[in-house]
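User: I would like to learn how to read a predicted protein model one feature at a time. Could you give me the general idea first and then the case at hand?

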Amino acid sequence: MKLNLNIQPLNTWINTGKEPLVISGPCSAETEEQLVATAHLLAQTGKISALRAGIWKPRTRPGEFEGIGSIGLEWLKRAKEETGLPTAVEVATAKHVEEALKAGVDILWVGARSTANPFTVQEIADALKGVDVPVMVKNPVNPDLSLWVGALERINNAGITKLAAIHRGFSSYEKSAFRNEPMWDVAISLKTLAPELPIINDPSHITGNRDLIGYVSQKALDLDMQGLMIESHIDPSVAWTDAKQQVTPAALADIIDHLTLRKPEVRNAEVNDKMTELRNQIDKIDDLVIQKIAERMQIAEKIGQYKKENNITILQVGRWDEILQKRTTYGKALKLSGEFTEKLLELVHNESIRRQTEVMNAEAGQGQAAEKLTHA
Ligand code: PEP
Ligand code: MN
């Protein structure tokens with residue numbers, strides 16, 4: 001399935017001449033001096049295409065700095081006049097949209113907490129009707145592709161064709177090195193659904209840690225994302241919000257200088273031939289993997305039949321533990337991470353259980369079958 005979005009290319013609304021495309025600026029506008037001085041230093045790097053700043057801050061807990069409010073729009077206007085940089089602001093209500101547009105903000109974005117709420121997104125979309133302004137939609141805080149897609153559709157349905165997505169990672173209960181888990185596969189799924197939709201990566205909110213920004217930025221570019229949004233502050237140590245993840249404009253320039261740009265399309269014929277050859281090898285192996293998995297399922301069905309005849313439960317925890325243990329050890333010896341092998345086995349095992357359940361239910365009366373599924 002493909003999404004039916006009506007969108008204009010990125011270069012119709014932002015300078016894509018700089019490689020990579022970078023949008024930068026402070027997490028929050030704090031004072032006129034902080035914002036304007038940061039903007040000047042960023043402009044001097046020559047590496048950024050737009051200036052971002054949070055004017056209204058959606059905070060998870062009350063009592064934290066909730067943004068400087070409308071006055072910050074005046075500071076942004078000054079920063080734009082003095083540096084020539086177009087400006088970008090987060091909007092979360094119809095009133096934000098109106099005020100930002102009135103103040104001449106060039107690009108609007110919908111924040112992660114707003115994207116999670118269709119009422120909020122619809123309110124923003126309604127306020128955008130009849131307006132020609134670029135809008136970027138951050139992924140929702142939870143890893144729900146449909147919510148992200150739904151928000152993009154609502155904004156697009158309102159007539160906004162200068163549209164992009166921002167991948168800022170997802171909150172997760174499990175502790176990791178990142179503030180928000182990138183879950184790259186969710187962004188890749190969006191790209192598959194809407195190949196023409198630009199995706200901008202936000203390594204600042206993914207990492208929550210300035211030391212990891214370069215690493216995540218590189219990964220985003222390698223996955224063919226169209227740009228980066230990176231928070232920058234004239235003095236991150238005293239930033240009012242997101243202090244740990246902001247970088248000075250000089251550090252930002254250094255991060256960008258160390259990124260390697262790779263091309264999605266290969267033009268050189270020799271490289272092309274080699275790529276085709278390697279891809280053919282991959283295709284063959286993938287076919288083989290699928291064929292083998294299908295064979296494995298047929299055996300699982302036979303076992304299901306046997307278990308049924310002998311009144312054995314589908315799941316035997318001991319056997320499953322043994323499979324996990326043996327295969328992950330084997331995988332590690334072949335340089336597959338334990339986590340990968342475990343995930344793969346879980347997928348295969350779940351499908352096996354589903355197939356065995358089918359076999360067991362095929363001829364058995366329903367009540368009887370349910371009784372046998374004690375472990376599944
Ligand atoms: C931000 O960009 O400063 C912000 C609040 O981001 P998010 O909506 O991704 O949390
Ligand atoms: Mn922030």
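Analyst: A residue is called buried when its relative accessible area is under 20%, exposed when that value is over 50%, and partly exposed in between. The model shown here is predicted, and within it C27 has a relative accessible area of 1%, so C27 is buried.

User: How many residues does the chain have, what share of them is buried, and how many helices and strands are there?

Analyst: The chain has 376 residues, of which 45% are buried, and its secondary structure comprises 14 helices and eight strands. Taken along the principal axes, the C-alpha atoms fill a box of roughly 80 × 55 × 40 Å.

User: Which way do the side chains of strand β3 point, and are they buried or exposed?

Analyst: In a regular strand, the side chains alternate between the two faces of the sheet. For β3, which spans residues 87-91, this can be followed residue by residue: T87, V89 and V91 point one way while A88 and E90 point the other way, and all are buried. The strand is accordingly described as mostly covered, with five of its five residues buried.

User: Which strands pair with β3, and in what sense?

Analyst: On the one hand, β2 (residues 50-52) pairs with β3 in the parallel sense over two bridges, and L51 stands opposite T87 there. On the other hand, β4 (residues 107-110) runs parallel to β3 and is joined to it by four bridges, with L108 in β4 as the bridge partner of V89.

User: Which helices take part in the β-α-β units that include β3, and what is the handedness of those units?

Analyst: Helix α2 (residues 71-83) makes a right-handed β-α-β unit together with β2 and β3, and helix α3 (residues 94-102) makes a right-handed unit of this kind with β3 and β4.

User: What can be said of strand β8 and its partners?

Analyst: Strand β8 covers residues 227-231, and five of its five residues are buried; G227, M229 and E231 point one way, whereas L228 and I230 point the other. Five bridges join β8 to β1 (residues 21-25), and these two strands run parallel; two bridges join β8 to β7 (residues 199-201), again in parallel.

User: Which residues coordinate the manganese ion, and at what distances?

Analyst: The manganese ion (ligand 2) is coordinated by C27 through SG, H205 through NE2, E231 through OE and D242 through OD, at 2.1 to 2.3 Å. Along the chain these donors follow the spacing C-x177-H-x25-E-x10-D. C27 lies in the loop between β1 and α1 (32-45) and D242 in the loop between β8 and α10 (249-257), so this pair ties together parts that are 215 residues apart in sequence. E231 is among the residues of β8 already listed as buried, and D242, at 17% relative accessibility, also counts as buried.

User: Which residues form a nonpolar patch on the surface, and where does L336 lie?

Analyst: The patch is formed by Y330, L334, L336, F340 and L344, which together have about 500 Å² of accessible area. L336 is placed in the loop between α12 (317-333) and α13 (338-363).

User: Why does L336 count as partly exposed?

Analyst: L336 counts as partly exposed because its relative accessible area is 37%, a value between the two cut-offs of 20% and 50%.

Conventions. Residues numbered from 1 in each chain as written. Chains lettered and ligands numbered in written order. Predicted model: local features only at pLDDT ≥ 70, side-chain atom pairs only at ≥ 80, totals over all residues. Heavy atoms only, no water. Buried < 20%, exposed > 50% of the residue type's maximum accessible area, 1.4 Å probe, protein only. Pairing = 2+ DSSP bridges. Right-handed = clockwise from strand over helix to strand, strands pointing away. Patch = residues over 30% accessible without salt bridge, like charges linked within 9 Å, V, L, I, M, F, W, Y side chains within 5 Å. Areas by Shrake-Rupley, 256 points an atom, 1.4 Å probe, with all protein chains shown as cover. Salt bridge = Lys/Arg side-chain N within 4 Å of Asp/Glu carboxyl O. Donors = N, O, S within 2.8 Å, 3.2 Å for Na, K, Ca; no water.
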